[in-house]
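Let's take a walk through a protein model together. Have the sequence and the 3D view open as you read.

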Amino acid sequence: MLGPLRRDPAWLAMAMAAMAVLGLFLVWPLANMLWQSFAAPGSDGGVGGYTRFFSEASYREVFFNTLILGLLVTVSSMLVGGGLAVVVARCKFPFAGLVTFLPLITLVIPDVVVAASWVLVLGRQGLLNGWLEPLGVQLPSLYSWWGLVFVMTLNNYVYAFVAVLVGLKSMDRNLEEAALSLGQPLGTVLKGVTMPLLLPSVFGGALIVFTHVIGSFGVPAILGARTPVLAVKAYNEFVSEMGGNPQMQATMASLLVFLGAGMLLVQKLWVERRQFQMESGRTPAAISIAGWRAQAATAAVLGVVTLSMLPVLVVLVTAFTPSIGPVLHYGGFTLAHLQHALVRAPEPLYNSLFLATIATAAGMLFSVAVAYLIVKRRSALTHALDVLVMLPLTIAGTVLGIALINAFNGGWLALTGSWVIMALAYFLRRVPTSVRAAAGPLHNLRDSIEEASMSLGVSPIKSFFRVVLPIIGPSVAAAAVLMWVTTLSELSATVVLYFGGMNTMPIEIFQQVDSGRLALACAYSVLLLLTIFIPLALARRVFRLKVGAIE
């Protein structure tokens, strides 16, 4: 079970410590939550929570709403993101390079900021309805199925775009050329050669989109009052003034875990049966296009980039717009909202920066050590560690928050009501991507380099710091920046865990939107975006780190 770790007591101790951390703060809370969902006594055989859930129409509606929303947004995101990836990968046309910034733009803009901006544009009193009102035209309500699907597609299409683009760029074009040389029509080649090779990337992207959508809180909480979903319903049950129902909280949270894990299992089984191996060859060349085709492709890219950037532009304008209560007076200018956010009530900014810094520092130390153990000290123990460290990817933020609250609400380790439990949630949420970022360059590092250091009498730990860490340093630094900026925008776990005096920026924005004070919400959004994009710009321009964009 221990394998190579037997020869390295220091690394063995580190592996055991990492397992203990994940076991205590991840496995135990989740197991405790699952137990609560099953633990009701009675004639139903201990499945009281699930019996009630599927027997009551209001709960069944929430479950099916979640599934339908996940499927609709997944399909629309794959069409938008996948179609854009195909056009960009296979064609040359003006402005095609703009798509390299799409992941940077879309992944780090908080959901709550996106939802608030679209309320300002397409809401009942939004800009577009205001322009159309003299014409007697009114848009359908944004607080509906179409509004949820539209906004969440713009929030999630980038996952499909990146997955399909990477799949297309990794193909060997010799395979397509061979099929064409045999006289096969292009349609048959696409169906028989290209699509089978691309399926793993398509299903991988679809899985990421689906798990993000079913666990999303910010957009459904703001736009989905008429369309309740599991993540929001579990939160509402949790904060109910009547005390809620602890078992139903656990049941809904557990169902989200089952959905995420089930989709991961289905995708894994499906893709593994359709694996194809290719010799390294030539990436399919992009073909220059002109005329109406180039114009259509350029319009598509500019349209997607504009829609992705629109939330930032709307927030910037509204933050400086005078307002009286919920009424905005566009055309004017004021600094009052920013003054309030920076001077009168800056605590959310300080809290966000503090928690993000703590979580990132702990997360990167943990991630580098775990990545090294998984890649360079392979054994049954590190394989189990690899599985555990990826588990948070399938867990919604609200689910993790509820699990942590239930597990650490008392007893020998009472964390509820402290900043520690919030930083812990951020740590657990972001560690999987940080581990993968640190593991990437380790796969390309020859064992002989480290072994040469140890053969000279340098201990394994010192060899790691002197040989391994400098090589993977840039990737680790890029992962740290990405972890820090995405932690700043975390809402779904925070909304369950925060307490008086520990409002973060996303929480403050959410509360201001909920109260109708959109100008003040935009002022806090501007500060949040600055704390996100300034470090990203410094990382990319000054330190030349590849963070967030496709190079």
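What follows covers ground rules, cores, helices, rings and charged pairs.

## Ground rules

This is a predicted model, in which local features need pLDDT of at least 70 and side-chain atom pairs count only at pLDDT 80 or more, while totals for chains, interfaces and linings use all residues. Residues are numbered from 1 along each chain as its sequence is written, and side-chain values use heavy atoms, with hydrogens and water left out.

## The nonpolar cores

Let's start on the inside. A nonpolar core here is a set of buried Ala, Val, Leu, Ile, Met, Phe, Trp, Tyr and Cys residues joined through side-chain atoms within 4.5 Å. "Buried" means under 20% relative accessible area, "exposed" means over 50%, and "partly exposed" is in between (1.4 Å probe, protein chains only).

The largest nonpolar core has 143 residues, and the ones touching the most other members are Leu 223, Leu 230, Val 389, Leu 404 and Leu 428. Which helix gives the most to this core? That's α23 (residues 518-542), with 14 residues. Helices, by the way, are DSSP runs (H or I, at least four residues), as are strands (E, at least two), and they are numbered from the N terminus. There is also a second, separate core of 22 residues, which includes Ala 85, Val 99, Phe 161 and Ala 206.

Zoom in on Leu 223. Contact means heavy atoms within 4.5 Å. Not counting residues up to four places away in sequence, Leu 223 touches Val 119, Leu 142, Tyr 143, Ser 144, Gly 147, Leu 148 and Val 151.

Helix α17 (residues 397-407) is largely enclosed by the rest of the structure, because ten of its eleven residues are buried. Among those buried residues are Gly 397, Val 399, Ile 402 and Leu 404.

Next, look at helix α15 (residues 347-376) and helix α22 (residues 505-514), which pack at an angle of about 145° with their axes 8 Å apart. The axes are lines fitted to C-alpha atoms, for helices over the stretch in contact, and angles run from 0 to 180 degrees between N-to-C directions. On the α15 side you'll find Pro 348, Leu 349 and Ser 352, which meet Met 505, Pro 506 and Glu 508 of α22. Sorted by type, the residues of this contact are four nonpolar, one polar and one charged. For that sorting, Ala, Val, Leu, Ile, Met, Phe, Trp, Tyr, Cys and Pro count as nonpolar, Asp, Glu, Lys and Arg as charged, and the others, Gly among them, as polar.

## Rings that pair up

How many aromatic pairs does a search of the whole structure find? It finds 16. Rings of Phe, Tyr and Trp (its six-membered ring) pair if their centres lie within 6.5 Å; planes under 30 degrees apart count as stacked, over 60 as edge-to-face and the rest as tilted.

Phe 53 and Tyr 59 are a stacked pair, because their ring centres are 5.5 Å apart and their planes are at 25°. Phe 53 is buried at 0% relative accessible area, and Tyr 59 is buried too, at 5%. Ring pairs also link Phe 53, Phe 54, Tyr 59, Phe 63 and Phe 64 into a cluster.

Trp 118 and Phe 150 are edge-to-face, at 5.0 Å centre to centre with 80° between the planes. Trp 118 sits in helix α5 (residues 111-122) and Phe 150 in helix α7 (residues 145-169), so the pair ties together parts that are 32 residues apart in sequence. Trp 118 is buried at 3%, whereas Phe 150 is partly exposed at 26%.

## Charged pairs

Side chains of opposite charge can pair when their charged atoms come close. A salt bridge is a side-chain nitrogen of Lys or Arg within 4 Å of a carboxyl oxygen of Asp or Glu, and the count by this rule comes to four. One of them joins Glu 56 and Arg 52 (2.8 Å, N to O). Glu 56 is partly exposed at 28%, and Arg 52 is partly exposed at 32%.

Arg 436 bridges to Asp 386, with the closest N and O atoms 2.9 Å apart. This pair links distant parts of the chain, with Arg 436 in helix α18 and Asp 386 in helix α16 (residues 380-390), 50 residues apart. Finally, salt bridges link Arg 429, Arg 430 and Glu 490 in a network. Arg 430 is in helix α18 (residues 419-443) and is buried at 18%, while Glu 490 is buried at 3%.
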